[in-house]
Amino acid sequence: MKGIVFTDFVQFLERELPEAAGGIVKSYSPLQGYPDEELLALVSRASQAAAVPAPEVLRRFGAHLFRTLATLYPVFVDGVGSPLELMSGIETTVHGEVQKLYPDAEFPRFDVRGRTAGRLEMVYRSHRPLADLAEGMIRGCIAWFGDDIEVERRDLDAADGRAARFTLRATRRGARPRRATA
């Protein structure tokens with residue numbers, strides 16, 4: 001997993017769960033790769049230190065990570081009309097372009113199964129158990145654009161965080177995109 005995820009996780013802890021940040025002393029390079037298990041261990045430690053369930057830590061971090069990435073790489077959000085538009089093109093527009101920059105990066109797969117006006121269904125699959133992180137990023141995307149969208153999640157397979165179906169339904173359109181800072 002790319003170090004940018006780790007550096008942002010440390011920043012997330014410092015801002016949102018400061019009681020958990022003190023136990024992390026390692027510095028991470030945004031460009032270096034780190035084992036997936038290391039992030040899971042950090043989440044577990046943060047969960048225990050902050051008395052917040054690990055899935056909630058991952059969801060909150062996912063929302064934070066989306067804000068960070070949208071701020072660092074505005075090309076992916078500028079000119080996009082809605083979170084449904086952005087997420088329906090996640091495989092080609094975002095992952096495809098980032099893969100050009102980081103050829104060794106491994107992304108989860110998002111299969112868009114149905115998109116209609118105001119509705120999007122996609123299936124998350126990954127060898128990493130990070131469906132909670134994906135949910136947080138989806139919710140962070142929705143907050144970024146300021147739309148009112150319901151997110152329904154159904155875990156698939158063994159419910160181990162490696163596969164989930166997300167159904168998003170717009171309930172009303174936000175007045176204008178909200179540009180939160182990371």
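The exercises below concern a predicted model and come with worked solutions.

Residues are numbered from 1 along each chain as its sequence is written.

**Exercise 1. Describe helix H1, its span and its buried residues.**

Step 1. Helices are DSSP runs of H or I with at least four residues, and strands are runs of E with at least two, both numbered from the N terminus. H1 covers 3–16.

Step 2. The expected span of a helix is 1.5 Å times one less than its number of residues. H1 has 14 residues and reaches 20 Å from its first C-alpha to its last, close to the 20 Å expected.

Step 3. Buried means under 20% relative accessible area, exposed over 50%, and partly exposed in between, with a 1.4 Å probe and protein chains only. Among the buried residues of H1 are Gly 3, Val 5, Phe 6 and Leu 13.

Step 4. Contact means heavy atoms within 4.5 Å. The buried residues of H1 pack against H2, H3 and H4.

**Exercise 2. Classify the aromatic pair of Phe 9 and Phe 12.**

Step 1. Rings of Phe, Tyr and Trp (its six-membered ring) pair if their centres lie within 6.5 Å; planes under 30 degrees apart count as stacked, over 60 as edge-to-face and the rest as tilted. By this rule the count comes to 9 aromatic pairs.

Step 2. For Phe 9 and Phe 12, the centres are 5.8 Å apart and the planes make an angle of 40°, which gives a tilted pair.

Step 3. The two residues are separated by about one helical turn, because Phe 9 and Phe 12 are 3 residues apart in helix H1.

Step 4. Phe 9 has 0% relative accessibility, so Phe 9 counts as buried. Phe 12 also has 0%, so Phe 12 is buried.

**Exercise 3. Is Ser 29 buried, partly exposed or exposed, and which residues does Ser 29 touch?**

Step 1. Ser 29 sits in the loop between helix H2 (18–21) and H3.

Step 2. The relative accessibility of Ser 29 is 29%, so this residue counts as partly exposed.

Step 3. Not counting residues up to four places away in sequence, Ser 29 touches Gly 3, Ile 4, Thr 7 and Tyr 34. Ser 29 and Thr 7 are 22 residues apart in sequence, and their C-alpha atoms are 7.0 Å apart in space.

**Exercise 4. Describe the largest pocket, and then helix H4, which supplies part of its lining.**

Step 1. On a 1 Å grid over the protein atoms alone, a cavity is a set of points where a 1.4 Å probe fits but cannot get out, and a pocket is an open set with protein on both sides within 12 Å along at least five of seven lines; lining residues have an atom within 4 Å of a point.

Step 2. Grid points are joined across faces, edges and corners, and a volume is the space filled by probe spheres set on the points. The largest pocket has a volume of about 980 Å³.

Step 3. Its lining has 37 residues, and Leu 65, Leu 69, His 95, Phe 107 and Met 137 lie nearest the centre.

Step 4. H4 (54–72) is one of the elements that each supply at least two lining residues. The buried residues of H4 pack against H1, helix H3 (36–50), H5 and H7.

Terms used: Predicted model: local features only at pLDDT ≥ 70, side-chain atom pairs only at ≥ 80, totals over all residues. Heavy atoms only, no water.
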